[in-house]
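Dear colleague,

I am handing over the structure we spoke about, and I would be grateful if you could look it over before reading my notes. The notes follow directly below it.

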Amino acid sequence: MQVTMIVNDVEVTREIEGRLLLVHFLRDTLSLTGTHWGCDTSNCGTCVVWLDGEPVKSCTVLAAMADGHEVRTVEGLAKGGELDPIQEGFMQCHGLQCGFCTPGMMMTCRALLDKNPDPTDAEIREAISGQICRCTGYSTIVRSVRWASVHEAAAAVNQ
Ligand code: FES
Ligand code: FES
């Protein structure tokens with residue numbers, strides 16, 4: 001079957017098998033390997049991307065279900081060569097160690113800040129509760145999101 005979707009602002013059309021998962025479509029068909037695949041049980045959340053602006057675990061979505069829709073991956077976070085504040089926050093606050101969980105974490109946390117620019121630590125933890133970090137732990141991830149929140153607020157005041 002043929003699918004057409006917008007991925008990181010670019011329209012793509014490909015022939016695929018109907019059983020192909022979105023995570024594999026992104027990684028293997030489009031070579032967008034920033035989206036990781038970390039389990040067979042829909043538990044780890046390292047595969048999170050946005051489907052029409054909502055974070056989804058791309059291992060639970062068929063590529064065919066994204067036909068006609070808009071997908072954004074971690075490769076589509078930076079704009080005009082500038083890191084998104086959430087990426088900057090992870091860098092500044094050591095929100096990653098091996099980095100395996102990081103793309104999914106950043107996609108979820110960016111979506112959180114878009115809806116709730118000043119989340120509490122509890123709200124950040126709730127947002128990432130479906131995702132697993134196997135090494136760095138969650139405190140620095142929460143700190144990274146707080147960093148992005150504070151710096152975005154400051155940038156808005158200075159505009
Ligand atoms: S790969 Fe683990 S939840 Fe999707
Ligand atoms: S930084 Fe290694 S799994 Fe999260």
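**Single residues first**

Asp 40 counts as exposed, because its relative accessibility is 71%, where exposed means over 50% relative accessible area, buried means under 20% and partly exposed lies in between (1.4 Å probe, protein chains only). Please keep in mind that this is a predicted model, in which local features need pLDDT of at least 70 and side-chain atom pairs count only at pLDDT 80 or more, while totals for chains, interfaces and linings use all residues. Residues are numbered from 1 along each chain as its sequence is written, chains are lettered from A and ligands numbered from 1 in the order in which they are written, and side-chain values use heavy atoms, with hydrogens and water left out.

Asp 40 sits in the loop between helix H1 (22–29) and strand E3, where helices (H or I, at least four residues) and strands (E, at least two) are DSSP runs, numbered from the N terminus. From Asp 40 to Gln 97, which is 57 residues away along the chain, the separation between C-alpha atoms is 23 Å.

The loop between H1 and E3 also holds Cys 44, and this residue counts as buried because its relative accessibility is 3%. Although Cys 44 and Gln 131 are 87 residues apart in sequence, their C-alpha atoms are 4.9 Å apart in space. If residues up to four places away in sequence are not counted, Cys 44 touches Gly 38, Cys 39, Gly 130, Gln 131, Ile 132 and Arg 134, contact here meaning heavy atoms within 4.5 Å.

His 36 is placed in the loop between H1 and E3 as well, and it is buried, with a relative accessible area of 16%. Leaving aside neighbours within four places in sequence, the contacts of His 36 include Val 23, Arg 27, Thr 46 and Cys 47, and also Gly 99, Phe 100 and Pro 103.

Thr 140 belongs to helix H5 (residues 139–157) and counts as buried, at 15% relative accessibility. Beyond four places in sequence, Thr 140 touches Cys 93, His 94 and Gly 95; with Gly 95, the C-alpha to C-alpha distance is 4.8 Å, across 45 residues of sequence.

**The two domains**

How is the chain divided? It consists of domain 1 (2–76) and domain 2 (85–158), with bounds that come from an automatic or database domain assignment. The contact between them takes 16 residues from domain 1 and 17 residues from domain 2, and the C-alpha centres of the two domains lie 22 Å apart. Between them the domains bury about 1,300 Å², of which 61% is on carbon and sulfur atoms; buried area is the accessible area (1.4 Å probe) that two parts lose on being put together, summed over both.

Across this interface there are 7 residue pairs in polar contact, both residues being at pLDDT 80 or more. A polar contact is a pair of N or O atoms within 3.5 Å; within protein, one must be able to donate a hydrogen and the other to accept it, and residues adjacent in sequence count only if both atoms are side-chain atoms. On the side of domain 1 that touches domain 2, the elements giving two or more residues are strand E3 (48–51) and strand E4 (54–57), and E4 provides the largest share, 3 residues.

**Salt bridges**

Side chains of opposite charge can pair when their charged atoms come close. With a salt bridge taken as a side-chain nitrogen of Lys or Arg within 4 Å of a carboxyl oxygen of Asp or Glu, the count comes to 7. One of them joins Glu 17 and Arg 19, at 2.7 Å from N to O, and Arg 19 counts as exposed at 66% relative accessibility.

Between domain 1 and domain 2 the count is 1 salt bridge. The side chains of Lys 115 and Glu 54 meet in a salt bridge with an N to O distance of 3.0 Å; Lys 115 is exposed, with a relative accessible area of 57%, whereas Glu 54 is partly exposed, at 40%.

Arg 110 forms a salt bridge with Asp 114, the closest N and O atoms being 2.9 Å apart. These two residues are separated by about one helical turn, because they are 4 residues apart in helix H3. Arg 110 counts as buried at 6% relative accessibility, while Asp 114 is partly exposed at 48%. A network of salt bridges links Asp 84, Arg 110, Asp 114 and Glu 152.

With best regards
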